[in-house]
Amino acid sequence: MQKSSLKVGVDVPWVTSWTGEALLGVRPCPSVGGALAIAQQDNPGVGKPLYSQNHAVRQRLTVSRMLCPMCGQPTPVDDRWTQVAHPVSAGTLRGGRHIEGLPASVADDQVLVDAGAIAPLHRACVDRSLKYCPHLKADPNIDVRRFTDRWLVLPLLVRAEAPPQMFLARAAPARAVAVIGFLQLVGLTDDHDPLWQDRPLTGGAVSSSQA
């Protein structure tokens with residue numbers, strides 16, 4: 001498979017997966033402190049870019065190390081911007097989909113900034129991506145804002161099947177285990193939404209001053 005003429009971090013986001021990067025199954029990964037996670041070959045720029053698919057390991061690194069998904073470089077505290085995050089109450093986030101690790105100390109009415117699996121970008125990288133990416137240009141939900149100075153990193157788990165162990169004193173059947181796929185990023189705010197239970201799951205949260 002040939003090296004592409006497209007430049008990683010300029011023409012194609014650093015976090016994007018390529019056809020030359022096969023999935024490798026499940027193994028302990030340093031990107032999540034040695035926990036079991038989806039592994040993938042690291043050959044950015046080989047083959048064709050899969051713009052709709054993030055690379056498993058590079059995605060986790062963007063969130064855990066606050067690396068810009070576009071260029072792959074660290075984002076400083078005064079230059080972290082999100083394009084897709086939206087305010088949502090903790091209770092709505094808990095009830096709307098399966099997530100792991102949201103602490104009980106985060107009250108249901110606390111307003112969070114749900115960035116999903118997309119880490120903050122440099123402002124220059126935000127502007128570049130909005131200028132050249134057709135998908136982002138057409139997205140009516142783009143909302144560029146500074147990311148919060150406090151956040152939580154939560155694992156997004158997937159089910160993987162462990163093969164049967166046939167050559168033990170007692171054969172063990174195949175079993176499904178939970179492993180980390182991507183990491184989810186949630187910004188913390190000091191706002192609260194006392195009416196969060198009255199809002200639809202797809203609706204955004206508001207601060208207590210707006211309620």
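The chain has four helices and ten strands; helices here are DSSP runs of H or I of at least four residues, strands are E runs of at least two, and both are numbered from the N terminus. Along the sequence the pattern reads β-β-β-β-α-β-β-α-β-α-α-β-β-β. This is a predicted model, in which local features need pLDDT of at least 70 and side-chain atom pairs count only at pLDDT 80 or more, while totals for chains, interfaces and linings use all residues. Residues are numbered from 1 along each chain as its sequence is written, and side-chain values use heavy atoms, with hydrogens and water left out.

Of the 211 residues in the chain, 41% are buried. Buried means under 20% relative accessible area, exposed means over 50%, and partly exposed is in between, with a 1.4 Å probe and protein chains only. Contact means heavy atoms within 4.5 Å. Among contacts with a separation of 6 or more, 68% are between residues 24 or more positions apart.

Now the cores. A nonpolar core is a set of buried Ala, Val, Leu, Ile, Met, Phe, Trp, Tyr and Cys residues joined through side-chain atoms within 4.5 Å. The largest one has 17 residues, and Val32, Phe147 and Leu185 have the most contacts inside it. Helix 1 (56–64), strand 7 (110–116) and strand 10 (175–192) each give it two or more residues. In soluble globular proteins, nonpolar side chains tend to be buried together.

Two of the contributing elements deserve a look. Helix 1 is largely enclosed by the rest of the structure, because eight of its nine residues are buried. Those are Ala56, Val57, Arg58, Gln59, Arg60, Leu61, Thr62 and Val63. Just after helix 1, Met66 has a positive phi of about 50 degrees.

Strand 7 is also largely enclosed, since seven of its seven residues are buried. Gln110, Leu112, Asp114 and Gly116 cover one side, Val111, Val113 and Ala115 the other, and all of them are buried. Strand 7 pairs with strand 6 (residues 86–89) in the antiparallel sense over four bridges; strands count as paired if DSSP finds at least two bridges between them. Opposite Val113 in strand 7 stands Pro87.

Next, the rings. How many aromatic pairs does the structure hold? One. Rings of Phe, Tyr and Trp (its six-membered ring) pair if their centres lie within 6.5 Å, and planes under 30 degrees apart are stacked, over 60 edge-to-face, and the rest tilted. The pair is Phe147 with Trp151, tilted, at 6.5 Å centre to centre and 45 degrees between the planes. Phe147 counts as buried because its relative accessibility is 9%, whereas Trp151 is partly exposed at 29%.

There are also charges over rings, meaning NZ of Lys or CZ of Arg within 6 Å of the ring centre and within 35 degrees of the ring normal. The charged end of Arg58 sits over the ring of Trp14, 6.0 Å from its centre. Arg123 lies over the face of Trp81, 4.8 Å from the ring centre.

Glu21 is in the loop between strand 1 (16–18) and strand 2 (23–28). Its relative accessible area is 4%, so Glu21 is buried. A polar atom of the Glu21 side chain lies 3.0 Å from the backbone nitrogen of Trp18. Setting aside neighbours within four places in sequence, Glu21 is in contact with Thr16, Gln40, Gln41, Asp42, Asn43, Pro44, His55 and Arg58.

Last, Arg94 in helix 2 (residues 90–96). Is Arg94 buried or partly exposed? Partly exposed, because its relative accessible area is 29%. The Arg94 side chain reaches the backbone oxygen of Val106 at 2.9 Å, and a polar contact of 2.6 Å joins the side chains of Arg94 and Asp108. Arg94 and Asp108 are 14 residues apart in sequence and 8.2 Å apart in space, C-alpha to C-alpha.

Methods
A polar contact is a pair of N or O atoms within 3.5 Å; within protein, one must be able to donate a hydrogen and the other to accept it, and residues adjacent in sequence count only if both atoms are side-chain atoms.
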